[in-house]
Amino acid sequence: MKKAARGLSFMMFPLTMSAIIALVFAVERLFGVSFVESGIYPRTVSGLKGILFAPLIHGDEGHLYSNLSAFPLLLGMLAMVYRRNYLLIFGLLWVSTGVLVWMLARGSYHIGASGVIYAMASFLLFGGIVSHRRANVAVSLVVILLYGGMVWGLLPNQPHVSWESHLLGGVAGFACAFVFVEGGPGRAPRDSDYDYRMPGFSDASVTTGCSGIRYDNK
């Protein structure tokens, strides 16, 4: 039992973050309040707080469910493969996506975890491409198989969907992959940086649509 618990420990943080997102939504519904204005409103001082808070806020049940169907799985894969520094990577993806949205997106409130979801998917995908580690490559293939359809979310085909969050999250993930992943340019390989083993397993046993809602300020 203890070994099994250690093996699943990499899912504790993803499940905790998902529970926080669900709790924020529940508070809005139970108390009849809205946290939309705590989202990102680009190029305004008040909108800066959304860099930290926007991924926790969702517009409706469909928005929440679509993001929670991908968020814990992608974060779990990130924690599994980049076990030693996934918190740093996740934090950088969260903040860099928000900063890019604040700088470049349309003048409306941008909320939802989809930008971070695209950032994680992009990081895992391109991390496998630039790395020579089999675990990374396997995770890249899993991302393609499970979330390849996310590419359609990069297109501006729905007026109230923050496609900018998707696109800029993908850019943030791509850039971070070249900074953090062994084999990336400007980075000397260091085996001590990463632990590519699945927690609780030996080296020999390693195996391997979301939508963001943009609120118009009207």
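**Helix packing in a predicted model**

Helix H2, which spans residues 12–31, and helix H4, which spans residues 61–68, have axes that come within 11 Å and cross at roughly 175 degrees. Angles over 145 degrees count as roughly antiparallel, and H2 is therefore roughly antiparallel to H4. On the H2 side, the contact is made by Ser 18, Ile 21, Ala 22, Phe 25 and Arg 29, while H4 contributes Glu 61, Leu 64 and Leu 68. Sorted by class, this contact of H2 with H4 has five nonpolar residues, one polar residue and two charged residues.

The average pLDDT of the chain is 83, and 79% of the residues score at least 70. Among the elements of the chain, helix H3 (residues 50–53) has the highest mean pLDDT, 98, whereas strand E2 (residues 213–215) has the lowest, 47. Over residues 185–213 the pLDDT is below 50, and this stretch has 76 contacts in the model beyond near neighbours in sequence.

Phe 71, Leu 74, Leu 75, Met 77 and Leu 78 of H5 meet Val 116, Ile 117, Met 120, Ala 121, Phe 123 and Leu 124 of H7.

The whole structure contains eight aromatic pairs. Because Phe 71 lies in helix H5 and Phe 90 in helix H6 (residues 86–104), the pair ties together parts that are 19 residues apart in sequence.

The axes of H6 and H9 are 9 Å apart, and the two helices pack at an angle of about 135 degrees. H6 and H9 are therefore oblique to each other, and their crossing is right-handed. From H6, the contact is made by Leu 88, Ile 89, Leu 92, Leu 93, Ser 96, Thr 97, Leu 100, Val 101 and Leu 104; from H9, by Ser 165, Leu 168, Gly 169, Val 171, Ala 172, Gly 173, Cys 176 and Phe 180. This contact of H6 with H9 has twelve nonpolar residues, five polar residues and no charged residues.

Definitions and conventions: Residues numbered from 1 in each chain as written. Predicted model: local features only at pLDDT ≥ 70, side-chain atom pairs only at ≥ 80, totals over all residues. Heavy atoms only, no water. Contact = heavy atoms within 4.5 Å. Helix = DSSP H or I, 4+ residues; strand = E, 2+ residues; numbered from the N terminus. Axes fitted to C-alpha atoms, helices over the stretch in contact; angles between N-to-C directions. Parallel < 35°, antiparallel > 145°, perpendicular 65-115°, else oblique. Nonpolar A, V, L, I, M, F, W, Y, C, P; charged D, E, K, R; others polar. pLDDT = per-residue confidence, 0-100. Phe/Tyr/Trp six-rings, centres within 6.5 Å; stacked < 30°, edge-to-face > 60°. Left-handed = near helix turned anticlockwise from the far one by under 90°.
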